[in-house]
Amino acid sequence: MDKAREVISMHLNQYKIKFLLKPFSFSIVHNSREVLSSIPKNNLELKSFKESEDEVTLNFLDSSGNELTLNLKLASNNLFINWTSNAEVDFTEGYYINDFLYGAGFLVPQDFPFSSNFESASFPSGNVQIPYVFTSSGLGILVLDYKKIHVSYSLDVSSKKNVLKFGRSD
């Protein structure tokens, strides 16, 4: 892969994925409609990029020297997005979402779809409240982590898009 390229586009079956390298972000198009785009990250430097017919893996260094890996894998018409690291990092992921958002188990108060002011920091294990949300177009996001995370959902005034963010809570 030529690291000087600023954009990488690829297809995983019915998904079209476009990666912007500086600052790093990606967008996913399904059935000719953008279903998700990530909020740009300025602190990631791409080290390697590997793709196959049903998977793509990107390896990064963050500004603290931590290694992070982004893996997107297609299985049974589901696209799995997985971030991993060689260290415990204070990492927040954010996505622009154009649809209504549902899920996350029982919240008080519970709005369906979520209002533009959803926020939660407690997803206790063994409870029905789980860090899983899904959109009105069928996109599901499950945070596979058993530690406490912080989730927020709001309207970004400048882009007029809904923003879903999740990450570690203190």
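I looked up phenylalanine 26 and found it buried, with a relative accessible area of 2%; buried means under 20% relative accessible area, exposed over 50%, and partly exposed in between (1.4 Å probe, protein chains only). The model is predicted, so I note that local features need pLDDT of at least 70 and side-chain atom pairs count only at pLDDT 80 or more, while totals for chains, interfaces and linings use all residues. Residues are numbered from 1 along each chain as its sequence is written, and side-chain values use heavy atoms, with hydrogens and water left out.

**Entry 1: aromatic pairs**

I found 8 aromatic pairs in the structure. Rings of Phe, Tyr and Trp (its six-membered ring) pair if their centres lie within 6.5 Å; planes under 30 degrees apart count as stacked, over 60 as edge-to-face and the rest as tilted.

I examined phenylalanine 24 and tryptophan 83: their ring centres are 6.3 Å apart and their planes stand at 90°, so this pair is edge-to-face. Phenylalanine 24 belongs to strand β3 (residues 24–30) and tryptophan 83 to strand β8 (residues 78–85), so the pair ties together parts that are 59 residues apart in sequence. Helices (H or I, at least four residues) and strands (E, at least two) are DSSP runs, numbered from the N terminus. Phenylalanine 24 and tryptophan 83 are both buried.

I then turned to phenylalanine 26 and tyrosine 95, whose ring centres are 6.1 Å apart with planes at 75°, so this pair is also edge-to-face. Phenylalanine 26 lies in β3 and tyrosine 95 in strand β9 (residues 92–97), so the parts tied together are 69 residues apart in sequence. Tyrosine 95 is buried at 3% relative accessibility.

I recorded one aromatic cluster formed by Phe19, Phe24, Phe26, Phe49, Phe60, Trp83 and Tyr95.

**Entry 2: the open sheet**

I traced an open sheet of 4 strands in the order β5-β6-β7-β8, with antiparallel pairing. Two strands pair if DSSP finds at least two bridges between them. The edges are β5 (44–51) and β8, each with a single partner strand, so one side of each has no neighbour in the sheet. On average, neighbouring strands of this sheet are turned by 15° against each other, direction ignored.

I noted that β5 and strand β6 (residues 55–62) pair in the antiparallel sense over 7 bridges. Glutamate 45 stands opposite leucine 61 in β6.

**Entry 3: tyrosine 132**

I located tyrosine 132 in strand β12 (residues 132–135). Tyrosine 132 counts as partly exposed, at 31% relative accessibility.

Technical notes:
Axes fitted to C-alpha atoms, helices over the stretch in contact; angles between N-to-C directions.
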